[in-house]
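Reader: Please present the model under discussion, and then take my questions on its packing in turn.

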Amino acid sequence: MTERSAPRPALLPACDPAEHAAAAPVARRSETAIARAAAMLRAAGDPARLRLLELLAGGERCVTELVADTGDAMPTVSQRLARLKGEGLLVARRAGKHVHYALADAHVASLMLAVLDHADHAPPPARAAARPSPTRSPR
């Protein structure tokens, strides 16, 4: 049997709700929707995959065009596209030997362009002082 630990002291002083402006109500999403959105953002969070999403915001493209635009190898681009498609951010269609990719819908286009626009206009975040990496003990 474990004992309960003593309550932790509050790190911040308690505030009275009357001290804050009323926030607009926000519909809370299901845990499933939150997890799904997090997976989509992780997939889009890689700079090379984000570049592909940016290119596809201009419309459907063949894999060969994307390879030429990025300068990356065909297998590398194909793997990145597969990851994005697997998370529901892209759709694909085959036309003979060619596979064409497009953003899954207008939501994806709006999100990607909004994030990129924000990155263009927001000041870079202040970086915390680098911490020394922990040293490993010899085995």
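Author: Leu 52, Leu 55 and Leu 56 of helix 2 meet Leu 66, Asp 69 and Thr 70 of helix 3, where contact means heavy atoms within 4.5 Å and helices (H or I, at least four residues) and strands (E, at least two) are DSSP runs numbered from the N terminus. The model is predicted: local features need pLDDT of at least 70, side-chain atom pairs count only at pLDDT 80 or more, and totals for chains, interfaces and linings use all residues. Residues are numbered from 1 along each chain as its sequence is written, and side-chain values use heavy atoms, with hydrogens and water left out.

Reader: How are helix 2 and helix 3 oriented to each other?

Author: The axes, lines fitted to C-alpha atoms over the stretch in contact, with angles running from 0 to 180 degrees between N-to-C directions, come within 11 Å for helix 2 (residues 47-56) and helix 3 (residues 63-70). They cross at roughly 120°. Angles under 35 degrees count as roughly parallel, over 145 as roughly antiparallel, 65 to 115 as roughly perpendicular and the rest as oblique. Helix 2 and helix 3 are therefore oblique.

Reader: In what order do the three strands form the open sheet?

Author: Strand 1 (61-62) and strand 2 (90-95) are the edge strands, each pairing on one side only; two strands pair if DSSP finds at least two bridges between them. Strand 1 pairs with strand 3 (residues 98-103) over two bridges. The pairing in the sheet is antiparallel, and the order is 1-3-2.

Reader: Which residue in strand 3 is the bridge partner of Cys 62?

Author: Strand 1 and strand 3 pair in the antiparallel sense. The bridge partner of Cys 62 in strand 3 is His 100.
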